[in-house]
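Q: I would like to go through a model with you, one topic at a time. Could we begin with how a charge is placed relative to an aromatic ring?

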Amino acid sequence: MDLKSVIRTIPDYPKKGIMFRDITTLLTDARGFRRAVDELVQPLAGQKIDKVAGIEARGFILGGAIAHQLSVGFVPIRKKGKLPYKTIAESYELEYGVDEVEIHVDAVEKGDRILLVDDLIATGGTAGAAIKLLERAGGEVMLCSFVVDLPDLGGADKLRALGKKVTALVEYE
Ligand code: PRP
Ligand code: ADE
């Protein structure tokens, strides 16, 4: 099965000129969802990890399923102002705006080996901020997994230049 066949493209969302890659159709498709979860963890090849961290919002769905599959804990990386306890934050630029991500100060233990998951990487701003947060908290990001990479925006290469291992299941120009 071709994962692209279950990913929908919405032109001009949320702004004119953006081709929005909508993975909700992949999630609705039982085989697509299972396949994506299986493939997102494959580069770990049996390597032990301690936690999965997922980026709000669609990274929660994929990351939660992966954490369950690997029997490890899940760390939600949330947009500013959503977490109830003490947080640490990093701001970042988006393809279409500026935002800030946060985790709880005690979400990561020193030395935790972490798999970072999101649905898509574009400029890498969001994932870059997420890595900084997780590593400031004492974790080590072992692999960054995305369903979709937009390579023209350079995000995956930016993470690789930081020495991170990156995997993506499909690419769109
Ligand atoms: C999307 C996507 C990534 C981010 C990638 O989230 O789910 O988190 O953009 O862009 P970047 O690589 O340029 O940082 P979005 O900002 O649409 O937020 P949402 O998941 O809360 O809708
Ligand atoms: N986040 C940033 N760019 C995106 C795109 N083109 N589709 C879906 N999510 C995105």
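A: A charge sits over a ring if NZ of Lys or CZ of Arg is within 6 Å of the ring centre and within 35 degrees of the ring normal. Here the charged end of Lys 4 lies over the ring of Tyr 172, at 4.5 Å from its centre.

Q: What should I know about the model itself?

A: This is a predicted model, in which local features need pLDDT of at least 70 and side-chain atom pairs count only at pLDDT 80 or more, while totals for chains, interfaces and linings use all residues. Residues are numbered from 1 along each chain as its sequence is written, and side-chain values use heavy atoms, with hydrogens and water left out.

Q: How many aromatic pairs are there?

A: The count comes to two aromatic pairs. Rings of Phe, Tyr and Trp (its six-membered ring) pair if their centres lie within 6.5 Å; planes under 30 degrees apart are stacked, over 60 edge-to-face, and the rest tilted. One of the pairs is Tyr 13 with Phe 20, which is edge-to-face at 5.2 Å centre to centre and 85° between the planes.

Q: Staying with α3, how does it cross α2?

A: The axes of α2 (residues 30-41) and α3 come within 10 Å and cross at roughly 70°. Axes are lines fitted to C-alpha atoms, for helices over the stretch in contact, with angles from 0 to 180 degrees between N-to-C directions. Angles under 35 degrees count as roughly parallel, over 145 as roughly antiparallel, 65 to 115 as roughly perpendicular and the rest as oblique; α2 and α3 are therefore roughly perpendicular to each other.

Q: Which residues make the contact?

A: Contact means heavy atoms within 4.5 Å. On α2 the residues include Phe 33, Arg 34 and Val 37, and on α3 they include Ile 61, Leu 62 and Ala 65.

Q: Where are the cis peptide bonds that you have?

A: A cis bond joins Tyr 13 and Pro 14, with omega about -5°, and Pro 14 is in the loop between β1 (8-11) and β2 (19-22). The bond from Glu 56 to Ala 57 is also cis, with omega near 0°, and Ala 57 is in the loop between β3 (51-55) and α3.

Q: Which residues have a positive phi although they are not glycine?

A: Asp 12 has a phi of about 60° and is found in the loop between β1 and β2. Ser 71 has a phi of about 55° and is found in the loop between α3 and β4. Asp 12 is partly exposed at 41%, whereas Ser 71 is exposed at 65%.

Conventions: Chains are lettered from A and ligands numbered from 1 in the order in which they are written. Helices (H or I, at least four residues) and strands (E, at least two) are DSSP runs, numbered from the N terminus. Buried means under 20% relative accessible area, exposed over 50%, partly exposed in between (1.4 Å probe, protein chains only).
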